[in-house]
Amino acid sequence: MKKLFIAAAIMMASVSVFAQHEAGDITLQARVGMIGSDFNNTSDTKARAGIVVGPEIEYFLANRFSLGAGFLYSQQGAEQDKIDWTYDLDYLTVPITANFYVWKGLALRAGVQPGFNVSSKISAKDAKVDFSDAVKTFDLAIPIGLSYEYRHFVIDARYTIGATEIFHKDKIDLDSKNLTFQLSLAYKFNLKH
């Protein structure tokens, strides 16, 4: 039985296809996923669920090291815990990451992420109120995470730590920054191989 198990494992390993990239390779990823976001320094908010979607491009400097850049639509914000409303803050983000492949297909990622607020609303049961004058247009964050690629499919998990405050202090007196967790699936196209 043990020999049968070992033989099956060897056969599965031999037919598996792992991502192998070389210096000069360029790939494009079409990404879609879920995001959970909240504000730091608050005790009365909880995570807002949203989506993240958009393309990312990756350039390989070596077979284990690449640089990536994306253009993602990201639904962020938070839910007010004691009052039934949600801060709906939507951003166009530009994640720029350095990616180190520690094992075939498995990459560690870290970088910077400028973001631009495109919509700011407070949603209650029966109404939505625009409050874009209270939200700063520019947001800077630090994304860290990991991804795994198998047969051109990429599963990516990122935690993003806000570096700039969300609100104008003269409008909303909260010293809060965005915190997000993303889990997404992408399909990777080879543009240059």
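## Cavity and aromatic pairs

In this predicted model, the count comes to one cavity of 30 Å³ or more. The volume of this largest cavity is about 30 Å³. Two elements each give two or more residues to its lining, namely strand E9 (138-150) and strand E11 (178-192). The largest share, three residues, comes from E11. The residues that line the largest cavity are Gln76, Gln113, Asp139, Ala141, Thr160, Asn178, Leu179 and Thr180. By class, this lining has two nonpolar, five polar and one charged residues.

The structure also holds ten aromatic pairs. A pair of aromatic rings is described by the distance of the centres and the angle of the planes. The table presents these values for two of the pairs.

| Pair | Centre to centre | Angle between the planes | Class |
|---|---|---|---|
| Phe60 and Tyr101 | 5.6 Å | 35 degrees | tilted |
| Trp85 and Tyr87 | 6.3 Å | 75 degrees | edge-to-face |

What does the pair of Phe60 and Tyr101 tie together? Phe60 lies in strand E2 (residues 45-62) and Tyr101 in strand E6 (residues 96-103), so this pair ties together parts that are 41 residues apart in sequence. Both Phe60 and Tyr101 are buried.

Trp85, at 29% relative accessibility, counts as partly exposed. Trp85 and Tyr87 also belong to one aromatic cluster, which they form with Phe39, Phe131 and Phe167.

Notes:
Residues numbered from 1 in each chain as written. Predicted model: local features only at pLDDT ≥ 70, side-chain atom pairs only at ≥ 80, totals over all residues. Heavy atoms only, no water. 1 Å grid on protein atoms, 1.4 Å probe; cavity = no way out; pocket = protein on both sides within 12 Å on 5 of 7 lines; lining within 4 Å. Points joined across faces, edges and corners; volume = space filled by probe spheres on them. Helix = DSSP H or I, 4+ residues; strand = E, 2+ residues; numbered from the N terminus. Nonpolar A, V, L, I, M, F, W, Y, C, P; charged D, E, K, R; others polar. Phe/Tyr/Trp six-rings, centres within 6.5 Å; stacked < 30°, edge-to-face > 60°. Buried < 20%, exposed > 50% of the residue type's maximum accessible area, 1.4 Å probe, protein only.
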